Amino acid sequence: MDDFGLHVSKVPLLCDNTSAINLTKSQIQHSRTKHIEIRHHFIRDVSNGDCEVKFIETEKQLADIFTKPLPKDKFFLLRNELGIVDSQNLS
Amino acid sequence: MSIKVLQTFEMENCKAVTTPMSTSYYMSIDEAGTAVEQTKYRGLIGFLLYLTASRPDIMFVVCLCARFQSSPRESHFKAAKRSLKYLKRTTFVGLWYPSHSPIHLVGYSDSDFVGCKLDRKRTSGTCHLLGSSLISWHNKRQACVALSMIETEYIAARSCCA
């Protein structure tokens, strides 16, 4: 992106689980975390440099639409937030 | 394109629905159900997968239906056809990229709570937004059986930055 003259320093990565966020920040080994495959710990390397894992409320979590079937209102809300709109309503 | 899909599956006059999938419906392997011709089912999945390139809203249901391609049943076909009913209602819906949006990259990562009861694997979903426009998204069933919610969210976060 530097080629376009855009300098992105730290990309916020929004996650709705505080425990998972804490896990990315500390190097502590815990009995429950020792089974996690090593390749998933890649995020620990990245979270100190290129991106930053932050918390977001479940209501504002836009990736919800990709993981579970949602009721009508929530579905419409997230769909609009993601910029998926009806072309007939635009003009 | 979605009109063509509706014509191919003779669904032009179907009832339109507002969401691509019902919240109460749980998709199982359904061994007792009547088998559907595999070619037909795969054809439909192929059409829908093509559409996900511009329609991320049907991404979840298409990925879910695609898991049952090896032995499709009537119930799976019905669920896939429900997304066609949704497409009928939202034929002119698409991604909108405004010209004056701020350049600010944000990533979102999320996971579900044991979406696939068959093998206890969970699904992770991630998306990236540049300003207010969606630039990348993905939905994947996790490769390993996660033992806790923390682990799934952790894996989802990893797949978001990788």
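Start by colouring the two chains apart: in this predicted model, 44 residues of chain A are in contact with 49 residues of chain B.

Stay on chain A and pick out its side of that contact. The elements giving two or more residues to the side that touches chain B are β1 (11–15), α1 (18–25), α2 (42–47), β2 (51–55), α3 (72–81) and β3 (84–86) of chain A. Which of them gives the most? Select β1(A): five of its residues sit on the side that touches chain B, the most from any element. Now colour that side of chain A by residue class, and you'll get 26 nonpolar, 10 polar and eight charged residues.

Next, show β3(A) together with strand β1 of chain B, residues 93–95. For one bridge to zoom in on, select Ile84(A), whose partner in β1(B) is Leu95(B).

Now hop over to chain B and select residues 74–89, which make up helix α4. This helix has 16 residues and reaches 23 Å from its first C-alpha to its last, close to the 22 Å expected at 1.5 Å a residue. Show side chains for the buried residues of α4(B): His76(B), Phe77(B), Ala80(B), Ser83(B), Leu84(B), Tyr86(B) and Leu87(B). Turn the view to look down the axis of α4(B): the buried residues fall within an arc of 165°, so they line one face of the helix. An α-helix has 3.6 residues a turn, so residues three or four places apart point the same way.

Key
Residues numbered from 1 in each chain as written. Chains lettered and ligands numbered in written order. Predicted model: local features only at pLDDT ≥ 70, side-chain atom pairs only at ≥ 80, totals over all residues. Helix = DSSP H or I, 4+ residues; strand = E, 2+ residues; numbered from the N terminus. Expected span 1.5 Å × (residues − 1). Buried ≥ 20, exposed ≤ 12 C-beta atoms within 10 Å, placed from the backbone. Arc of directions from axis to C-beta. Contact = placed C-beta atoms within 7 Å. Nonpolar A, V, L, I, M, F, W, Y, C, P; charged D, E, K, R; others polar. Pairing = 2+ DSSP bridges.
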